[in-house]
Amino acid sequence: MKLAVFELTDCGGCALNLLFLYDRLFDILEFYEIVEFHMASSSKSKEKVDVALVTGTVSTQRDLDVLREARNRSEYLIALGTCATHGSVQGSVENAKEAFRRIYGDVKGPTKVLEPRPITEYVPVDFAIPGCPYNKEEVFQVLMNLARGVEPVAKDYPVCLECKLNEYECVLLKKGIPCLGPVTAGGCNAQCPALGLGCIGCRGPSMDANVPGLVEVLKEILPEEEIARKLRTFTRW
Amino acid sequence: MIIELDEFTRVEGIGKAEIVVEDGTVKEARVKILEGPRFFEVLTLGRSYWDVPDLEARICAICYVAHSVASVRAIENALGIEVPPTVEKLRELALWGEIIESHALHLYLLALPDIFGYPDAISMIPKHGELIKEGLTIKAFGNTIRELLGGREIHGINIKPGGFGRYPREEELEGIAKHAESLVKFARRIVGIFASQEPRGAKAEIPMVTSEYLWGDDLIVGEDRIQYIELDEVPVNYSFAKHTYYKGKPIFVGALARLLLKEKYIQGEAGRLLDTYKDKIESRYVIYNNLAQAIELVYALERVAELSNKIASEGIEKGIVEPEEKSGEGIGYVEAPRGVLVHHYRIEDGKVVWSNTITPTAFNQGMMELSLLEDAKKMYGSVPEESLKKKLEEIVRAFDPCISCSVHFVKL
């Protein structure tokens with residue numbers, strides 16, 4: 001099977017995280033031929049691929065062109081990482097044109113700047129793996145499933161579930177630390193509560209998230225404006 | 001006529017370059033950073049100081065620890081937080097871990113294929129598998145340190161203003177020390193390989209570093225001690241990254257600048273290697289940034305072993321120091337793997353009201369263009385256009401650019 005990685009505007013972490021699979025990258029190479037992956041290879045191709053991984057937000061005209069090419073060339077397209085699935089940090093900018101003017105003044109820049117948006121707002125995707133960064137075990141399993149012809153399953157439970165399964169002390173209720181675990185999609189194995197810190201919501205909303213309920217709890221710890229800012233770091237609710 | 005280079009490969013982020021030729025002579029080289037703007041300075045505004053380092057880490061995946069540490073140092077300077085020496089040492093350890101991860105990535109996976117004439121490291125595996133595996137082992141070790149101290153391989157949130165969320169155990173540090181020692185012999189091999197490169201690119205006439213090895217309160221530029229505001233920042237029409245100059249000249253930051261200006265720190269096996277290849281480093285050609293990274297990789301492994309043992313034997317003071325003040329202004333200068341990184345905040349009542357970030361790749365833009373210009377002048381007309389483009393891309397790669405970082409360079 002042929003695999004391609006397309007990178008739009010992001011921090012480079014989602015592409016890098018694939019390289020952090022180390023030895024298991026070789027397992028993936030047993031099933032897939034990587035035909036395009038600009039961070040890792042100078043090879044370029046215009047051929048059709050079975051699976052495309054797309055990282056980053058659509059922030060420029062160049063990004064949009066690359067995304068459309070990726071969709072047209074691929075059988076199965078995966079939105080990889082929170083930028084691609086929910087917009088992540090740059091996607092939470094309210095008015096990119098105004099922000100651009102404040103930062104660059106009257107300078108035009110090399111390509112048209114668009115409001116940063118997740119790829120899911122522009123093209124249909126076949127599967128989405130959120131996370132900033134995503135859990136690399138998850139992308140490994142998804143690619144292996146696809147190679148075997150098995151449709152992968154999305155994780156729809158909140159971080160709280162994984163936190164409870166690990167028997168971590170609840171940082172929100174026991175220590176009064178702001179935590180977005182109750183409304184954030186799980187799959188990270190509750191990494192932040194494991195460090196005694198609150199979940200920052202980097203995987204985006206979980207299914208059936210009770211946001212008003214969490215806001216009520218957080219109001220006892222934080223001013224409302226800060227709650228809104230925390231919630232909007234990685235996604236627009 | 002304009003010779004367009006394709007989008008750079010085997011670098012982080014999206015960028016390309018063009019060479020302007022008029023009347024058969026190379027006139028200009030432009031590096032066009034195409035990565036979309038990411039507005040971090042705007043995103044920090046109004047946010048609690050406590051949440052800012054986690055956000056800033058997202059500027060870059062390859063060097064998130066550098067961003068976290070620069071951010072917490074700036075915040076601590078602004079709010080009068082003084083951390084205990086163990087916290088400083090653990091941060092230094094985390095930064096060395098990042099240098100190991102980042103240099104190994106660049107040297108073995110991104111730059112090495114140029115030396116052996118392959119499109120990527122994957123195609124090198126049948127013939128040079130051992131070397132690639134050594135590289136991956138070193139890179140994974142760097143990430144072990146990042147995970148232990150930063151909380152995750154990428155975008156950890158454990159590095160906080162005033163201390164760490166979780167502190168490592170002594171036996172974890174001793175394990176790190178042993179592991180680091182065992183990897184030095186692999187890293188030595190890569191130094192020899194990169195020492196074989198022919199001089200290319202411009203000469204780094206004005207290297208810039210932080211005043212201590214991995215951070216400092218001042219910047220050192222050539223002979224001068226300065227604050228970053230003494231540099232000139234210029235936006236350009238063709239790129240999302242602004243250009244920086246010191247007294248009208250392009251500066252150079254990164255491993256080569258560090259070895260040129262911080263030689264006295266480099267001891268042990270790395271010190272011997274630096275002596276052996278002193279002439280190449282002192283020639284200042286930017287291609288030797290690769291060699292400098294390789295020598296620094298050896299130094300990083302040696303320093304990690306020494307530092308981890310020291311922290312483990314001294315014992316760890318845990319906890320998070322609370323701020324004395326709720327308002328203030330502070331700058332954090334840190335050496336990211338690619339060079340000087342600046343975070344600067346004004347905080348009022350615990351919230352960031354003004355912020356500025358300048359990254360190494362942004363500092364290096366002018367030098368990158370000068371290198372492309374000089375090499376294009378040398379090669380234009382004497383080599384076929386395709387190989388000219390390939391050679392020029394190799395020069396860009398020697399800077400180890402981190403393009404995502406370079407696109408938000410701002411004073412609000």
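This is a predicted model: local features need pLDDT of at least 70, side-chain atom pairs count only at pLDDT 80 or more; totals for chains, interfaces and linings use all residues.
A residue counts as buried when its relative accessible area is under 20%.

UniProt, in an unreviewed entry, places the feature "binding site" at B:Cys60, B:Cys63 and B:Cys402. These residues span 343 residues in sequence, yet no two of their C-alpha atoms are more than 8.9 Å apart, so they gather at one spot.

A further buried residue is B:Glu394, because its relative accessibility is 11%. B:Glu394 belongs to helix 13 (residues 385-398) of chain B. When residues up to four places away in sequence are left aside, B:Glu394 touches B:Asp114 and B:Arg200.

The strands come next. Strands of a sheet pair through backbone hydrogen bonds, in either a parallel or an antiparallel manner. In chain B, three strands form an open sheet in the order 6-8-9, with antiparallel pairing. Strand 6 (208-210) and strand 9 (224-226) stand at the edges with a single partner strand each, so one side of each has no neighbour in the sheet. On average, neighbouring strands of this sheet are turned by 30° against each other, direction ignored. Strand 6 and strand 8 (residues 219-221) of chain B pair over three bridges in the antiparallel sense. B:Met208 has B:Val221 in strand 8 as its bridge partner.

How values were computed: Residues are numbered from 1 along each chain as its sequence is written. Chains are lettered from A and ligands numbered from 1 in the order in which they are written. Side-chain values use heavy atoms; hydrogens and water are left out. Two strands pair if DSSP finds at least two bridges between them. Helices (H or I, at least four residues) and strands (E, at least two) are DSSP runs, numbered from the N terminus. Axes are lines fitted to C-alpha atoms, for helices over the stretch in contact, and angles run from 0 to 180 degrees between N-to-C directions. Buried means under 20% relative accessible area, exposed over 50%, partly exposed in between (1.4 Å probe, protein chains only). Contact means heavy atoms within 4.5 Å. UniProt positions are given in the numbering used here, feature names are shortened, and annotations may be inferred rather than shown by experiment.
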